[in-house]
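Here are some notes to go through with the model open beside you. Take the points in order and find each spot as you read.

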Amino acid sequence: MVSGDGGQLYTIEGVAAGLIMIMTAYLVVNATSVYTAGDTHINDMQLEVLGSDALKMMGTPANTTMNSIDNSTLRTIIESNDGNKFNATFFPLINNRTLQEPDRFIQYTASYTYRYGVDSVNSTFITSSRNLTGGEHTVRATKWVVVNKQLPGDSMERDRAVLVEVLMWRD
Amino acid sequence: MTDENANLSIDFLVGFTIFILAFIWVVSIIPGLLIGLQSHTIDYDAVAYRTGVILAEDPGYPVYIDRSNLSWEEKLKVDKRDVDRLGVAISRDSPNILSQDKVNGFFHTCTTYNTSAFTYSLGDYQKRVIFSDYPYRFNISLRDIERNEIRSVGDVIPLNSSYGYIRRLVKIKEPSIATINASGYKNADNVSTHRFSILLNTTKLVLGEVKDPAYQINPIKEQIMINITNLNKTINQPSVNITLSSIAVKRVGDTNSYPFDELYIDDNSAPQLLLPLEVTNKVSLKFKPTFFDGIMSDAEGSQIYLTLTFNLKDPGGNPTNSTFFNNTPGTPFNYNSPNNFDYNYNPNYVTQPQLRPALLEVAVW
């Protein structure tokens with residue numbers, strides 16, 4: 001035991017009291033905002049629903065008649081490699097509002113993937129509203145589409161299933 | 001030891017540690033205990049999402065079963081308490097495809113045939129589509145992109161406070177319409193009485209090749225509209241007045257004749273109830289879903305014929321002969337005649353159901 005330790009008790013009490021105060025403050029601040037499991041992913045979920053809806057609507061023909069083929073916008077775009085049409089259709093769909101102007105635009109990049117050869121998968125870029133820089137928190141939406149198209153590895157045009165994939169993020 | 005004043009005892013350390021641990025534990029469970037009390041402030045997005053799903057993916061409840069068990073949008077004022085849920089999808093099998101009639105019912109814009117349908121208060125929406133004990137404020141809006149039409153119900157969305165929000169992309173199914181150009185059915189017979197017959201083979205329409213509810217013509221679930229235009233261009237005599245004398249609605253195998261549902265003459269927006277009536281150029285017939293259910297019989301094929309009888313008269317009111325709109329020459333009426341106008345899936349004759357893009361937004365706060 002060293003001499004001159006009269007202040008030791010007060011120091012320890014002070015440190016303990018400080019810790020209690022910090023801990024209490026932390027708990028109080030924490031208690032005011034309660035996050036449910038859904039809250040943490042709610043923004044992602046909204047984008048995911050929106051992207052999924054947009055692809056679904058683009059894949060739904062406006063009308064059909066007996067014996068007609070699927071003439072959906074999405075199928076036509078992929079068969080004709082028409083990125084401009086994809087942008088002209090998809091961008092307003094995900095950004096239009098009913099009663100308000102959009103506050104933050106949603107950007108996207110779209111591509112489709114298909115299998116060719118025995119075990120190979122290839123991805124083809126369709127279009128994007130903005131280039132990905134790598135820092136965006138993107139959300140993925142996908143839709144299978146049957147197209148009649150000659151893809152690399154095919155000897156002729158035939159019905160093929162391709163997976164359209166869109167990555168979306170907020171500005 | 002000479003001076004122990006600054007030392008903490010083991011008892012104190014143990015007691016203090018237990019106290020701190022207990023304190024932390026108690027404090028950390030308090031928020032969990034309060035979740036139930038303050039949940040309405042933290043789940044706006046979840047409620048908006050749920051409401052969006054109910055609207056876009058559910059047909060509501062009740063759904064149509066038969067004439068005595070109508071769908072919610074066909075219910076009358078007195079049956080308001082029977083409506084449990086206000087979904088606007090055409091069916092559960094076709095998410096994101098909305099029924100035009102349900103949309104009209106939801107946004108208080110019921111068509112004329114259902115003027116006695118009830119309207120909703122904000123409380124009704126809270127009970128039937130928002131679903132919560134807490135009285136959330138809300139705004140539900142639908143933008144018909146092609147028609148550039150916006151409809152909404154609920155309060156004004158707050159600009160300076162947060163609210164839960166979901167946006168769904170949908171398509172509105174527009175029912176089929178047969179527009180019959182009378183000039184294409186001009187009959188050379190120079191007589192004063194003319195008949196035109198229309199076949200609605202409901203069995204073939206519903207159980208035929210088109211199975212997808214999104215594109216199906218289903219007289220039991222959506223209205224059927226028939227427009228006959230250019231009637232005056234079929235007459236080769238000047239000064240002849242056209243009189244629509246009768247409309248016979250019959251089912252094959254049934255001797256009864258049923259009254260027509262809704263009749264509009266020329267551009268008059270008021271439905272006509274009694275015949276005969278003078279016509280200048282156009283006749284429109286509208287049949288609401290319940291109409292066909294009342295006269296159909298699956299066992300006998302449910303082929304329904306509408307026969308319109310026109311009489312031609314001179315300005316003095318006397319019968320006069322002329323060529324006219326006619327595909328049913330002679331009597332008795334022949335159900336199997338190929339000349340009968342068939343309401344079918346041929347787009348050359350009937351404008352097929354169309355899906356119009358729309359945007360549905362739900363805001364909750």
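1. Let's begin with confidence: what pLDDT does chain B average? This is a predicted model, and chain B averages a pLDDT of 82, with 87% of the residues scoring at least 70. For chain A the mean pLDDT is 82, and 82% of the residues reach 70 or more. As for the complex, the predictor gives an ipTM of 0.76 and a pTM of 0.78.

2. Helix α1 of chain A (residues 8–32) has the lowest, with a mean of 75. The highest is in helix α4 of chain A (residues 83–95), at 93.

3. Now trace chain A from one end to the other. Of the 171 residues in chain A, 22% are buried. Take contacts between residues at least 6 apart in the sequence of chain A: 60% of these join residues at least 24 apart.

4. Next, follow β1 of chain A (residues 106–116), which pairs with two strands. With β4 of chain A (residues 158–170) the sense is antiparallel, over eight bridges; here A:T109 has A:L167 as its bridge partner. With β2 of chain A (residues 120–128) the pairing is antiparallel too, again over eight bridges, and A:Y112 sits opposite A:T124. For background, strands of a sheet pair through backbone hydrogen bonds, either parallel or antiparallel. Between β1(A) and β2(A) the hairpin has three residues, and A:G117 takes a positive phi there, near 65°.

5. Is A:M168 buried or exposed? This residue lies in strand β4 of chain A. A:M168 counts as buried because 24 C-beta neighbours fall inside 10 Å, and the cut-off for buried is 20 or more. Leaving out neighbours within four places in sequence, its contacts include A:L47, A:G51, A:I94, A:I106 and A:Y108. A:T138, A:V139 and A:A141 are also among the contacts of A:M168.

6. Over to chain B, which has six helices and 17 strands. Buried residues account for 34% of its 365 residues. Among contacts in chain B between residues at least 6 apart in sequence, 77% link residues at least 24 apart.

7. Look for an open sheet of five strands in chain B, in the order β1-β4-β17-β2-β3, with mixed pairing. Why does one side of β1 (97–99) and of β3 (149–154) lack a neighbour in the sheet? Both stand at the edges with a single partner strand each, so one side of each is left without a neighbour in the sheet. On average, neighbouring strands of this sheet are turned by 30° against each other, direction ignored.

8. Stay with that sheet for its details. β2 of chain B (residues 138–144) runs antiparallel to β3(B), and six bridges join them; B:N139 stands opposite B:G154 in this pair. Helix α2 of chain B (residues 44–57) packs on the sheet and touches β4 (164–174) and β17 (354–364) of chain B. The direction of α2(B) makes about 5° with that of β4(B).

9. Helix α4 of chain B (residues 122–130) is worth a stop. B:R128, B:V129 and B:I130 are buried in this helix. They are on the same side of α4(B) because they cover an arc of only 155° around the axis. The cover over the buried residues of α4(B) includes α2 and β2 of chain B. After α4(B) comes B:F131, with a positive phi near 55°.

10. Last, the nonpolar cores. The largest has 63 residues, and A:A54 and B:A48 touch the most other members. Setting aside neighbours within four places in sequence, A:A54 is in contact with A:F90, A:L93, A:I94 and B:L169. A second, separate core has 30 residues, including B:I198, B:L200, B:F325 and B:V350.

Note on methods: Residues are numbered from 1 along each chain as its sequence is written. Chains are lettered from A and ligands numbered from 1 in the order in which they are written. This is a predicted model: local features need pLDDT of at least 70, side-chain atom pairs count only at pLDDT 80 or more; totals for chains, interfaces and linings use all residues. A residue is buried if 20 or more other C-beta atoms lie within 10 Å of its own, exposed if 12 or fewer, and partly exposed in between; C-beta atoms are placed from the backbone. Two residues are in contact if their C-beta atoms, placed from the backbone, lie within 7 Å. Two strands pair if DSSP finds at least two bridges between them. Helices (H or I, at least four residues) and strands (E, at least two) are DSSP runs, numbered from the N terminus. pLDDT is the predictor's confidence in each residue, from 0 to 100. Axes are lines fitted to C-alpha atoms, for helices over the stretch in contact, and angles run from 0 to 180 degrees between N-to-C directions. The arc is that of the directions from the helix axis to the C-beta atoms. A nonpolar core is a set of buried Ala, Val, Leu, Ile, Met, Phe, Trp, Tyr and Cys residues joined through C-beta atoms within 7 Å.
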